[in-house]
Amino acid sequence: AHTLRLVLGDQLHPGHSWFSQVDEQVVYVLMEVRQETDYVLHHAQKILAIFAAMRDFARYLRAGGHRVRYVALDDPGNRQSIPGNLAALAAHYAAQRIEWQQPDEWRLDAQLQAWGAAQPLDWAVMDSEHFLTQRGELAALMGQRKQWLMEHFYRHMRRRYKLLLDADGAPEGGQWNFDHDNRKRWPGTPPVPADWRPQHDHSDLWRMVQRAGVQSFGDPQAAALRWPLNRTEALACLDAFITTALPHFGDYEDALAAQAPRLFHSLLSFALNVKMLHPLEVVQRAKAAWRGGQAPLAAVEGFVRQIVGWREYVRGIYWANMPGYETRNALGHHAPLPRWFWNGETHMRCLHLAITQSLQTAHAHHIQRLMVIGNFALLAGLEPQALHRWYLGIYIDAFEWVELPNTLGMSQRADGGVIATKPYVSSAAYLQRMGDYCQGCAYDPKQKTGARACPFNALYWDFFERHAPTLQGNRRLALVYRQLQKMSDAQRAALRTQAGHLRERLDTL
Ligand code: FAD
Ligand code: SF4
């Protein structure tokens with residue numbers, strides 16, 4: 001009697017206990033299906049990288065002696081849905097049992113559970129053995145607290161995994177969080193490291209995807225795909241990051257630089273999210289670099305916080321609020337995405353650079369996602385659901401469990417403030433301070449009204465004025481509202497009129 005074990009495209013985890021023994025009766029199933037290529041419009045590199053990595057993983061399993069059934073996208077027998085293929089393969093192998101690892105997306109989790117419940121077969125759901133917390137753990141930890149503060153969760157995780165603690169259990173360096181040291185503009189030195197990622201030619205795979213009629217956007221870079229596609233490559237990327245970029249990660253974590261799109265970021269999110277790397281091994285490597293004197297504590301703490309803090313925290317938020325979270329629109333924003341989200345053609349240099357980079361590389365760093373693109377979207381009142389689909393499609397690392405809380409919650413505050421204690425918005429002054437994007441822009445960051453005024457300025461004040469009924473009571477915004485009150489009626493009216501004109505012609509900004 002055969003057992004089928006389903007391996008999803010983001011479950012390429014060679015260290016999973018499933019693979020520790022070879023069993024002739026077990027058939028591992030991987031499948032490329034239209035269900036997954038088509039649920040949202042994806043960046044071409046995302047489709048390519050996931051399929052190429054799945055194919056690599058299937059080869060790896062076979063080389064280890066495991067039985068593998070790989071259903072390619074253009075396989076004539078492919079039913080193009082996960083349950084459709086599972087049913088067909090269960091019949092083919094006369095399988096008596098099907099197992100899968102907990103999917104990270106609610107959509108797939110619900111689909112597989114519903115399918116399983118209707119089967120006469122035995123079925124079981126296993127842990128994916130990747131995360132540092134269980135799905136419901138954040139909710140259990142936070143209980144009835146009004147605000148589920150990330151910082152509270154993060155300290156709990158540091159203690160639980162004994163990360164960067166001294167012998168008495170106190171945080172190394174005497175503080176939990178070194179964010180204060182980590183907000184520098186990058187002056188052009190130290191030089192950013194050369195791109196350490198591998199290059200792959202996947203033109204054949206890309207032609208197959210196109211022949212199948214899969215729609216996508218963004219630059220396929222099929223002949224020079226730069227993402228790690230297996231664990232060996234991912235480990236080499238981790239190594240290169242630790243030695244060349246981590247020492248400066250903290251200092252320039254929030255910087256924006258036109259000539260250095262990657263800055264000192266790790267570019268490890270794809271490898272982590274498809275589970276080629278384990279989060280604990282990644283932070284242990286960073287910790288070892290600090291102990292060995294190769295990276296300062298502030299950089300290492302900042303990096304550790306992103307992975308054991310933010311990454312696990314947003315996953316907990318996702319599972320505590322799904323389903324339904326994806327439909328929230330607390331600020332009632334309904335504007336469609338401007339056309340230039342799909343081609344980068346806007347006169348606003350910051351958005352032009354961040355979106356063009358995203359279209360070319362399927363990646364943007366956190367501050368580009370949050371304080372350039374997300375900031376504009378929130379100020380302009382773009383519909384959070386349309387924006388969510390855009391982020392979910394464009395980024396190489398975008399899987400709903402991590403993308404949705406970041407986009408809808410942290411960036412757009414469409415969840416009413418579950419994650420963000422105040423909206424992540426700014427006027428041009430912040431963007432100007434954090435980098436060189438404003439140099440050479442068609443707009444003037446100093447002007448608030450008039451044809452050349454930076455759109456971020458009027459939109460910023462208008463945003464707070466429009467949303468005063470909801471936001472005014474927030475203590476963290478007291479300063480903003482005091483500034484707004486200090487303005488004359490005429491000033492406020494001019495900003496309102498300017499913002500109104502801008503919002504009427506978002507496509508042409
Ligand atoms: P680094 O800056 O090197 O950070 C190291 C690692 O920390 C990342 O690889 C990632 O695993 C983790 N991390 C950092 N910030 C976050 C965060 N806020 N939430 C969860 N993990 C974090 N990240 C995704 O993995 N997938 C997404 O779809 C995604 N969508 C986002 C959407 C918006 C609107 C925003 C503001 C952020 C989003 N992020 C997302 C978080 C973050 O921007 C990316 O993880 C990061 O830019 C990936 O690049 P990197 O690997 O070079 O990250
Ligand atoms: Fe962006 Fe305004 Fe600066 Fe132009 S002036 S780059 S639109 S912040």
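The model is predicted, so to speak of local features pLDDT must be at least 70, side-chain atom pairs count only at pLDDT 80 or more, and totals for chains, interfaces and linings use all residues. Residues are numbered from 1 along each chain as its sequence is written, while chains are lettered from A and ligands numbered from 1 in the order in which they are written.

**Ligand 1**
- Around ligand 1 there are 27 residues, with H265, S266, Q306, A398 and E403 coming nearest (a residue is near if its C-beta atom, placed from the backbone, lies within 6 Å).
- Two or more shell residues come from each of α9 (269-273), α11 (297-321), α13 (366-380) and α15 (400-411), and α15 gives the most, with 6.
- Ligand 1 lies between domain 2 (137-209 + 230-321) and domain 3 (339-508), because both give residues to its shell.

**Ligand 2**
- Here 13 residues surround ligand 2, and M348, C350, C438, C441 and C454 are the closest.
- Both α12 (349-361) and α16 (428-434) supply at least two shell residues, with the largest share, 3 residues, coming from α16.

**Helices α17 and α20**
- Helix α17 (residues 455-466) packs on helix α20 (residues 489-504) at an angle of about 110°, with axes 8 Å apart (lines fitted to C-alpha atoms over the stretch in contact, with angles from 0 to 180 degrees between N-to-C directions).
- That makes α17 roughly perpendicular to α20 (65 to 115 degrees).
- In this contact (C-beta atoms, placed from the backbone, within 7 Å), the α17 residues include W461 and D462, and those of α20 include R492 and L495.

How values were computed. Helices (H or I, at least four residues) and strands (E, at least two) are DSSP runs, numbered from the N terminus. Domain bounds come from an automatic or database domain assignment. Angles under 35 degrees count as roughly parallel, over 145 as roughly antiparallel, 65 to 115 as roughly perpendicular and the rest as oblique. Two residues are in contact if their C-beta atoms, placed from the backbone, lie within 7 Å.
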